[in-house]
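Here is a request for a walk through a multi-chain model. Please keep the chain letters in view while reading.

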Amino acid sequence: MAKVVAVTGNEAVANALRQVNPDVCGIYPITPQTDMMQRYASYISNGKVDTEAILVESEHSSMSACIGASAAGGRVVTATSSQGLALMWEMLHIASGDRLPIIMPVVNRALSAPLNIHGDHSDAMGCRDTGWIQIWSENGQEAYDNTIQAFRVGEHMDIRLPVMVCMDGFIISHSIERMEYLEDDEVKKFVGPFKNLFPLLDLEKPKSYGPLILTDLYHEYKKAQHEVMLKVKDVVLEVAKDFEKMSGRKYGLFETYRLEDADIAIVILNSAAGTTKDVVDELRDKGIKAGLLKPRLFRPFPYEEMAEALKNARAVCVMDRSDSFGGYGPLFMEVSSALYQLKNRPALINKIYGLGGRDYLPSHGEMVFNELAEIAAGGKIKAYKEYIGVRE
Amino acid sequence: MATPLTLKELSKKEELFTHGHRMCAGCGAPTIVKMVLLATEYPVVAANATGCLEVSTCISEYTAWKIPWIHTAFENAAATLSGVETMYRSLKKQGKIDKDVKFIAFGGDGGTYDIGFQSLSGAMERGHDMIYICYDNGAYMNTGIQRSSATPMGADTTTCPAGSCVPGKLRPRKNLTKIMAEHNIPYAAQASPSHWMDLMKKVRKAHELPGAKFLNVISPCNRGWRSKTNDAITLSRLAVNTCYWPLYEIEEGITKVTYTPKEKLPLLDFIKPQGRFKHLFEPGNEWLLKAMQEEVDREWAKLQAAEKCGC
Amino acid sequence: MKQKGWKDLPPGSVILEGGSAARFKTGSWRAFRPVWIEENCIQCLFCWIYCPDMAVKVKDGKRTEFDYDFCKGCGICALECPGKKGKKAIEMVEEGK
């Protein structure tokens with residue numbers, strides 16, 4: 001039986017982790033994640049979980065310790081944001097290269113400089129090439145649901161990869177919303193016991209983790225890593241199906257909202273997608289065929305499926321809450337790559353919005369849709385990439 | 001019952017660190033690892049910082065380690081092993097593992113004194129049940145003899161080369177053993193492969209004390225020290241007998257010198273066979289030789305005083 | 001030897017066989033060869049404990065021959081050998097001579 005609660009995103013994800021009850025977790029404070037892991041620490045202090053915490057002295061050590069713990073043979077989690085994720089960067093590659101299914105909620109926050117503690121996607125986008133699976137969440141419910149599903153995806157014996165579950169800092173992490181919790185035993189059953197692949201603590205069969213691999217095999221190892229990523233989509237869908245059976249909540253590789261017959265569409269991640277859906281509804285009420293696509297699985301990126309979903313639109317705007325300075329926004333680059341394979345593809349523009357927690361308002365979405373409508377009607381594209389909501 | 005610490009009895013034990021590793025001929029580090037593992041009477045899991053020992057003992061499909069072993073990166077052997085040890089504690093608490101297992105981290109001085117300092121400090125403060133063993137060869141030897149904070153004063157390295165204006169490294173070494181003891185850990189000690197019995201006793205003692213322990217072992221490197229391939233043991237013995245590398249332990253804060261040379265030899269005996277110090281014998285560098293000897297004398301006096309006062 | 005393709009590799013580059021380096025012989029590195037002179041040997045086993053390459057074979061607590069498959073010829077054993085009555089039990093001889 002689902003339990004309806006009013007909680008913050010951080011609280012929901014901490015509760016998901018409690019329900020999964022991992023063996024080890026790395027804990028280190030960073031705004032806006034701090035509140036999540038301090039809640040988890042109270043579960044430990046009060047005997048609600050079996051988890052042993054490592055109260056590390058940095059995020060670099062947190063990820064290092066998580067790698068050691070995961071290689072040792074067990075279920076491992078940590079969580080971070082922003083600078084913490086950036087500090088982990090070196091170790092993120094090692095977690096995925098060693099094929100260790102560490103689960104890490106990432107409460108998305110801007111990167112310094114200048115210092116800013118508010119939500120944008122620069123942190124997770126900055127490590128999109130680290131070999132981690134990335135699942136993005138619009139709200140607290142999705143963050144909770146995705147966290148639970150992440151264990152099944154990352155720990156799948158054909159996958160064995162670490163997973164980041166992303167949600168917007170403050171907007172989601174610190175806002176109270178209505179959501180539904182699953183029962184503890186439902187989650188436990190859904191996630192199942194941890195299965196080992198090559199546990200270091202199997203003393204009878206001593207293994208060596210982390211060899212030096214030179215020109216003779218490195219290329220092959222990376223190809224193998226790419227190939228395993230290609231299997232992730234199917235597993236994500238399989239896990240989502242099981243999750244739907246249990247919860248009634250449906251998940252895919254991405255979500256489409258009134259997209260099927262849309263002439264104009266916005267592609268947008270996380271919390272701002274919710275705001276944009278309202279705009280879509282308003283426009284539809286006026287007879288304008290607007291739609292939305294909200295990516296969920298960002299790594300690996302579902303290129304073919306997304307191209308298929310967007311192929312009938314005439315003009316699409318990809319909205320990025322982070323920037324690749326001197327290039328396009330990272331989400332735009334992916335969608336653009338996806339659409340390029342189509343013979344007839346929609347016109348495509350890129351808007352950068354909401355950096356460092358700047359509000360994304362319905363009026364912003366409306367403005368973008370108006371521009372898309374002009375382009376769809378044969379108007380010229382004024383700028384392929386543009387910052388919106390910015391003062392001159 | 002523990003194997004008696006005699007070479008005859010120890011030689012009957014299975015060697016858990018095999019030949020076929022690719023450390024340079026005459027390197028001190030493999031001998032140290034061999035001694036540490038021979039002294040260990042428990043199942044043991046090791047972590048290794050990136051460095052000579054790591055790249056030369058685990059390449060492609062060849063590992064010299066017959067124990068579970070993990071390398072992740074340069075600066076984090078202590079953090080990585082603290083993760084392994086924490087998983088062990090978690091599984092033991094949950095009844096999923098029953099054996100008594102010990103944990104050892106190995107790192108060179110670059111990975112320990114410098115880039116791994118924070119990770120080491122964190123693991124020591126948290127008190128993970130492990131021994132961190134630094135094989136200290138006094139420079140970044142794996143990348144080609146660059147200066148570290150363990151490089152002795154006066155040494156010529158590739159990043160503090162002895163030149164016409166600067167005669168090598170001008171700063172004294174960081175005293176890491178004492179810094180580690182100041183973490184209020186149960187045991188911190190210095191050892192040398194020349195004094196194998198002393199080294200092995202320290203490993204055994206460390207294993208029996210719960211919590212985080214630190215062992216600093218001098219590890220001659222004939223490439224970096226510009227010495228002969230056959231003198232690793234002789235030079236480490238001279239390091240001890242000149243009191244450049246005193247053998248001591250700090251157990252629960254109490255200092256004990258575990259070996260006092262019968263005759264304290266002049267530092268020159270240690271540095272003369274090493275090419276990294278040869279510029280010191282050129283005219284004009286006498287002051288540095290003098291400063292180096294004074295530094296050794298001062299540290300030795302401080303150590304003796306610490307032992308005497310029971311602190 | 002056929003080189004491995006990407007499908008042949010263990011996930012995460014983990015080496016599943018402990019001590020597999022024993023299949024990698026390092027004896028060809030040697031420029032000088034240690035020669036054991038048994039009559040001068042007092043079986044102190046210093047050569048065994050100080051050998052960085054685990055290249056001194058020991059049986060029942062007594063040293064036997066060198067393991068030339070692995071000895072890199074550093075000469076530590078010869079230098080540390082106390083010998084008997086001033087006569088070393090290990091001498092270094094140039095390879096090929």
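This is a predicted model: local features need pLDDT of at least 70, side-chain atom pairs count only at pLDDT 80 or more; totals for chains, interfaces and linings use all residues.

Every value below is computed from it.

## Chain B against chain A

The contact joins 40 residues of chain B to 38 residues of chain A. Several elements of chain B each supply at least two residues to the side that touches chain A: β1 (44–48), β2 (58–59), β4 (69–71), α4 and α6 (117–126). Helix α4(B) gives the most, with 13 residues. By class, this side of chain B has 20 nonpolar, 15 polar and five charged residues.

## The α3(A)–α4(B) helix pair

Two numbers describe a pair of packed helices: the angle between the axes and the distance between them. Here the partners are helix α3 (residues 59–73) of chain A and helix α4 (residues 77–93) of chain B. They pack at an angle of about 45 degrees, with axes 6 Å apart. α3(A) and α4(B) are therefore oblique to each other. α3(A) passes α4(B) in a right-handed crossing.

Which residues of α3(A) meet α4(B)? They are A:Ser61, A:Ser64, A:Ala65, A:Cys66, A:Ile67, A:Gly68, A:Ala69, A:Ala71, A:Ala72 and A:Gly73. The residues they meet in α4(B) include B:Leu81, B:Gly83, B:Val84, B:Met87 and B:Tyr88. The contact of α3(A) with α4(B) has 11 nonpolar and eight polar residues, and no charged residues.

## A sheet with strands from chains A and B

Nine strands form an open sheet with mixed pairing. The order is β9(A)-β4(B)-β1(B)-β5(B)-β6(B)-β8(B)-β7(B)-β9(B)-β10(B). The edge strands are β9 (208–209) of chain A and β10 (254–259) of chain B, and each pairs on one side only. β9(A) pairs with β4(B) in the parallel sense over two bridges. There, A:Ser208 stands opposite B:Trp69 in β4(B).

Within chain B, strand β6 (residues 130–136) pairs with strand β8 (residues 212–218), also in the parallel sense, over seven bridges. B:Asp136 has B:Ile218 of β8(B) as its bridge partner. Helix α8 (residues 196–208) of chain B lies across β5 (102–108), β6, β7 (187–191), β8, β9 (247–251) and β10 of chain B. α8(B) runs at about 165 degrees to β7(B).

## Chain C against chain B

Chain C puts 31 residues in contact with 33 residues of chain B. Two elements of chain C give two or more residues to this side: α1 (46–50) and α2 (76–80). α2(C) gives the most, with four residues. The residues of chain C on this side divide into 18 nonpolar, seven polar and six charged.

Contact between them involves 28 residues of domain 1 and 20 residues of domain 2.

Which elements give two or more residues to the side of domain 1 that touches domain 2? They are α5 (122–125), β6 (133–136), β7 (163–168), α8 (218–230) and α9 (232–247) of chain A. β6(A) gives the most, with four residues. The residues of this side of domain 1 divide into 15 nonpolar, eight polar and five charged.

Notes
Residues are numbered from 1 along each chain as its sequence is written. Chains are lettered from A and ligands numbered from 1 in the order in which they are written. Axes are lines fitted to C-alpha atoms, for helices over the stretch in contact, and angles run from 0 to 180 degrees between N-to-C directions. Angles under 35 degrees count as roughly parallel, over 145 as roughly antiparallel, 65 to 115 as roughly perpendicular and the rest as oblique. A crossing is left-handed if the near helix is turned anticlockwise from the far one by less than a right angle, and right-handed if clockwise. Two residues are in contact if their C-beta atoms, placed from the backbone, lie within 7 Å. Ala, Val, Leu, Ile, Met, Phe, Trp, Tyr, Cys and Pro count as nonpolar, Asp, Glu, Lys and Arg as charged, and the others, Gly among them, as polar. Two strands pair if DSSP finds at least two bridges between them.
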